[in-house]
Amino acid sequence: MMRVLLILLWTTNLVQRNVPQAAGVQVFPPVNFTLTVSALAQVLLHWKPNPNQEQKNYTIRYDVKILSPVPEEYDTRKTHSIQTAALHNGFSAHIRTLLLHNNLQMRSDWVKEKLLPLPGAPETSVTNLSCVTRITISSTVSLHCTWLPGRGAPEDTEYFLFYRYETYTEECQDYIKDKWNRNTECRFSVTHIDPEEVDKLIVIHINGSSKYAAIKPFQQLFNQNAIEKVNVPRNVTVFLEQNDLLATWEKPISPFPKECFEYEFYLFNLKSGNKQILKISSNDFRLWIDVTNRYSVQIRANHHICCTRGFWSDWSEIIYVGKN
């Protein structure tokens, strides 16, 4: 019984040492907390220290909690923070003061702020947005996006797409229309996307106009490597050496080194109809085969290790090897 009482006393004391007024020090929440849209899908969080907060030898930090659209929590010494997030359904965040004093961490109450959802009629936003990038021979990056009109969008709705990469924003000039003459695809043959960067975000913003309804904007964030359609492996060579099939190839057009790619090797026996797909991490391959049969060979590539996996490349052109 005495042991239980001691544990309860210790727990009570621990709780008291973490209340805002611990050690006779009061912790005040930040003031002038504001949220400002500073770019497409970008929010600047800004606040000021509470003027009533004692300075002395305390260490002051700020605890930031993003509630929506994607929950996140972190702390910082700064009095500002920039967040990239899809804002069409709004944005909300809490912030409080953290004060370190004599190895104790004390916290103020939360201060709350939010951005309202972007205006527009329900179900007028685009749906099924999908985007793909490619690295061109000239080491630039192209971008192609497709979408479907919202179920509540009038037939006269015109959609307009913008992409943002870092500080650069550009509107689409090359649209493809559906049978109702509505924009449902956009192509950028050249963009400001850096092909050598890893896992940077691409912001897509689509708004619209109609005579009959206010079209609600839509935003989506894409990891640039995750939506890259990897190029086809180059200079594929296949030959026979006695009973072995040997294949060699070069990595796809890309600024990443050859170690950053993996491959799938597709072998089809035209005589038996048997198929094999083998995963390979190098740029060459040796396999025993029945040389009395005839085979077709294809290879495709994807990212590996260095960055987020993208879309598999198309298969290389068919190469035939074997009898006759």
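A disulfide is taken here as a pair of cysteine sulfur atoms within 2.5 Å. In this predicted model, three disulfides are counted by that rule. With bonded cysteines numbered along the chain, the pairing pattern is 1-2, 3-4, 5-6.

Cys131 and Cys145 are linked with their sulfur atoms 2.1 Å apart. The torsion about this S-S bond is 110°, giving a right-handed link. Cys131 belongs to strand S9 (residues 127-135) and Cys145 to strand S10 (residues 141-148), so the bond ties together parts 14 residues apart in sequence. Both cysteines of this pair are buried.

A further disulfide connects Cys172 and Cys186, with an S to S distance of 2.2 Å. The link of Cys172 and Cys186 is right-handed, with 115° about the S-S bond. Cys172 is located in the loop between strands S12 (168-171) and S13 (175-177), and Cys186 in strand S14 (residues 183-188); the pair therefore ties together parts that are 14 residues apart in sequence. Cys172 is buried at 2% relative accessible area, and Cys186 is buried at 1%.

Cys260 and Cys306 are joined at an S to S distance of 1.8 Å. This disulfide is left-handed, because the torsion about its S-S bond is about -75°. Cys260 lies in the loop between strands S18 (244-250) and S19 (261-269), and Cys306 in the loop between strands S22 (294-303) and S23 (319-322), so parts 46 residues apart in sequence are tied together. Cys260 is buried, with a relative accessible area of 2%, whereas Cys306 is partly exposed at 32%.

The closest cysteine sulfur to that of Cys307 is in Cys306, at 6.3 Å, which is too far for a bond. Cys307 is buried, at 11% relative accessibility.

Notes:
Residues are numbered from 1 along each chain as its sequence is written. This is a predicted model: local features need pLDDT of at least 70, side-chain atom pairs count only at pLDDT 80 or more; totals for chains, interfaces and linings use all residues. Side-chain values use heavy atoms; hydrogens and water are left out. Helices (H or I, at least four residues) and strands (E, at least two) are DSSP runs, numbered from the N terminus. Buried means under 20% relative accessible area, exposed over 50%, partly exposed in between (1.4 Å probe, protein chains only).
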